[in-house]
Amino acid sequence: DRDAIPRNVPEDPPDHRSQTLIFSIDDDLLQNLKKQVDDTMREIQVAEHKTLKLTNVLSRKVEVEDMGNLAIVLTQMQNFIRSHDAMPVGPIVQCVKMRKGPNPTAEIYFMQQVNQLIPRLDPGYQMDALLRVRNCLYAHYTGPMSYSNLASQKLDIYAFEHEIETTGDSYTVYVNQDDDNGVLDVFMETK
């Protein structure tokens, strides 16, 4: 009489309530894990006594009139590198140097490591075989680019809370970046 039972019909129907409960627990667990990962990724890690070391560094000062055209400045810099048979190595670095005095000003530089020294430089460019900035405060940031300035702000607060004097100069290494999110390292020079 086994032939009387259709073979493709399960003998015991599944209990849909238990499956639904399992899936909603899994959804809650996944949401909780996602929040923990997001919180961890957005945490800005800070350290002291770090050294920034760059070799074969091409620098270009960003003039006030170029501030609205930073993408053009970066493209010109990349073209300059390639026109001298060199290749960029690693990420772009933005340097902000604070000039003290009665009217403090900030000078902004873009820096790019290249695979070889470029002997003939156009006006506005500078080349260093080695740039080493010792004894820096360091912050590692991962998250939305719209909040990336928090890394520098956290270093300012850290320096204040730990009574660490800074020179005002900072270097931001754009490790990875897309339209919305990025990974960057900030080195803030101390005295």
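**The chain as a whole**

Tutor: The chain exposes about 13,100 Å², and carbon and sulfur atoms supply 52% of that area. Please keep in mind throughout that this is a predicted model.

Student: How many helices and strands are there in the chain, and in which order do the elements run?

Tutor: The chain has three helices and six strands. Read from the N terminus on, the elements follow the order α-β-α-β-β-β-α-β-β.

Student: What share of the contacts in the chain with a separation of 6 or more comes from residues 24 or more positions apart?

Tutor: Let us begin with burial: of the 191 residues of the chain, 32% count as buried. As for the contacts with a separation of 6 or more, the share from residues 24 or more positions apart is 70%.

**Helix 2**

Student: What should helix 2 span at 1.5 Å a residue, and how far apart are its end C-alpha atoms?

Tutor: Helix 2 covers residues 70–83, which makes 14 residues, and at 1.5 Å a residue these should span 20 Å.

Student: Within what arc do the buried residues of helix 2 fall, seen down its axis?

Tutor: The buried residues of helix 2 are Val 73, Met 77, Gln 78, Phe 80 and Ile 81. They line one face of the helix, because seen down the axis of helix 2 they fall within an arc of 160 degrees. An α-helix has 3.6 residues a turn, so residues three or four places apart point the same way.

Student: Which strands do the buried residues of helix 2 pack against?

Tutor: Just after helix 2, Asp 85 takes a positive phi of about 55 degrees. The buried residues of helix 2 itself pack against strand 1 (45–62), strand 2 (88–99), strand 3 (105–114) and strand 4 (125–144).

Student: Is Gln 78 buried or exposed, and which residues does Gln 78 touch?

Tutor: Gln 78 is found in helix 2, and it counts as buried because its relative accessibility is 18%, where the cut-off for buried is under 20%. Leaving aside residues up to four places away in sequence, Gln 78 touches Pro 88, Ile 92 and Gln 112.

**Strand 2 and its partners**

Student: How many bridges join strand 2 to strand 3, and how many pair strand 2 with strand 5?

Tutor: Strand 2 and strand 3 run antiparallel, and Pro 88 stands opposite Val 114 in strand 3. The hairpin of these two strands has five residues between the strands, and Gly 101 in this hairpin takes a positive phi near 135 degrees. Strand 2 also pairs in the antiparallel sense with strand 5 (residues 166–177), with Val 96 standing opposite Ser 170 in strand 5. The bridges are nine to strand 3 and four to strand 5.

Student: How many disulfides does a search of the whole structure find?

Tutor: Cys 95 is buried, with a relative accessible area of 0%, and Cys 136 also counts as buried, at 1% relative accessibility. The number of disulfides found in a search of the whole structure is zero.

Student: Where is Gly 182 placed, and which residues does Gly 182 touch?

Tutor: Gly 182 is in strand 6 (residues 181–190), and at 7% relative accessibility this residue counts as buried. Its C-alpha atom is separated by 9.8 Å from that of Tyr 147, which is 35 residues apart from it along the chain. Not counting residues up to four places away in sequence, Gly 182 touches Tyr 141, Thr 142, Gly 143, Met 145, Asn 176 and Gln 177.

Technical notes:
Residues are numbered from 1 along each chain as its sequence is written. This is a predicted model: local features need pLDDT of at least 70, side-chain atom pairs count only at pLDDT 80 or more; totals for chains, interfaces and linings use all residues. Side-chain values use heavy atoms; hydrogens and water are left out. Buried means under 20% relative accessible area, exposed over 50%, partly exposed in between (1.4 Å probe, protein chains only). Contact means heavy atoms within 4.5 Å. Accessible areas come from the Shrake-Rupley method with a 1.4 Å probe; for residues, only the protein chains shown count as cover. The expected span of a helix is 1.5 Å times one less than its number of residues. The arc is that of the directions from the helix axis to the C-beta atoms. A disulfide is a pair of cysteine sulfur atoms within 2.5 Å. Two strands pair if DSSP finds at least two bridges between them.
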